[in-house]
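I opened a new notebook page for this chain. I want to look up its surface, its fold and its core.

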Amino acid sequence: MAGYRLHCIGASGNSYKIALYLTCANLEWEPVGFDFTGGMMRDDGWRAETNAMGEIPVLEADGISLSQSGAILTWLADTTGHFAVPDELRFEAQRWMYFDNHKFTNNFAMHRFQRVLTAEPVHPAVLEFLRNRLEASCAIVDKHLETRRFVVGDAPSYVDFSMVGYYFYPTAETGVDLAVEYPHIDAWRQRIAALPGWKPPYEMISVGSQLPVRTV
Ligand SMILES: N[C@@H](CCC(=O)N[C@@H](CS)C(=O)NCC(=O)O)C(=O)O
């Protein structure tokens with residue numbers, strides 16, 4: 001049996017962050033499919049047994065169940081040493097992890113979800129609000145990466161795995177052409193894509209619900 005079991009689906013960039021980290025760290029893991037479209041996250045039994053917060057990803061490791069992608073990645077770096085940061089960069093790493101969870105991942109993910117993954121199209125004002133939020137956080141990260149190869153330090157770290165999670169989905173889903181709009185984010189994600197083991201999200205995780213993607 002694999003050392004790690006990840007409750008996940010391919011459309012979940014938060015799940016992909018963990019899958020990508022484990023794969024690039026060459027750690028053995030197995031995916032556990034999740035019924036997102038069936039509303040498994042709202043099931044009382046699933047919440048009691050797997051995650052009271054009603055979210056994936058959930059990582060089973062060493063007999064414990066972990067949730068929150070940022071906390072999981074920090075824990076994995078601490079316990080395995082893979083893609084860890086030196087002590088003097090730890091505060092900087094946590095600063096970007098919080099920015100990521102609150103804004104960089106969240107704005108991009110929310111925009112993508114409301115743009116093509118809801119059952120019905122949403123009001124244009126909702127998309128406009130989310131697009132403005134996305135642009136603000138992407139501009140900050142693009143500027144940060146103008147002079148850096150990775151988000152923190154000179155080597156890929158768990159922070160990169162957290163921040164890149166939603167940035168490999170097709171432009172048809174995200175509505176953002178990174179190469180044109182955010183060239184430094186685009187160059188950085190290509191550096192991540194060059195890591196041994198890298199695969200795009202839907203190839204990395206083929207279990208669980210396939211969410212229908214609306215065309216815009
Ligand atoms: N902050 C959490 C966010 C997790 C999250 O939003 N997961 C989504 C899938 S990507 C989910 O399970 N959503 C279920 C829901 O909101 O009901 C993390 O980083 O793990």
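I take accessible areas from the Shrake-Rupley method with a 1.4 Å probe. On that basis I get about 10500 Å² of accessible surface for the chain. Carbon and sulfur atoms own 53% of that surface. I keep in mind that this is a predicted model.

Next I checked overall dimensions. The C-alpha atoms fill a box of roughly 45 × 45 × 25 Å along the principal axes. The radius of gyration is 17 Å, which agrees with the value near 17 Å for a compact globule because the chain has 216 residues. I count 50% of the 216 residues as buried.

Then I looked up the fold. I find 10 helices and 4 strands. Along the sequence they run β-α-β-α-β-β-α-α-α-α-α-α-α-α. Among contacts with a separation of 6 or more, 75% join residues 24 or more positions apart.

How many residues does the largest nonpolar core have? I get 54, and Tyr 21, Leu 59, Ile 185 and Trp 188 have the most contacts inside it. Elements that each supply at least two of its residues include β1 (4-8), β3 (58-61), α4 (90-117) and α9 (183-193). I followed Ile 185 beyond its neighbours within four places in sequence: its contacts include Phe 104, Cys 138, Val 141, Tyr 167 and Leu 178. Asp 142 is also in contact with Ile 185. Another core, of 10 residues, lies apart from the largest one, with Phe 34, Met 41, Ile 56 and Leu 211 among its members.

Last, charges. I find 18 positive and 26 negative, with mean positions 5 Å apart.

Note on methods: Residues numbered from 1 in each chain as written. Predicted model: local features only at pLDDT ≥ 70, side-chain atom pairs only at ≥ 80, totals over all residues. Heavy atoms only, no water. Core = buried A, V, L, I, M, F, W, Y, C linked by side-chain atoms within 4.5 Å. Buried < 20%, exposed > 50% of the residue type's maximum accessible area, 1.4 Å probe, protein only. Contact = heavy atoms within 4.5 Å. Rg over C-alpha atoms; globule rule 2.2 N^0.38 Å. Lys, Arg positive; Asp, Glu negative; His and termini not counted. Charge placed at Lys NZ, Arg CZ, Asp CG, Glu CD.
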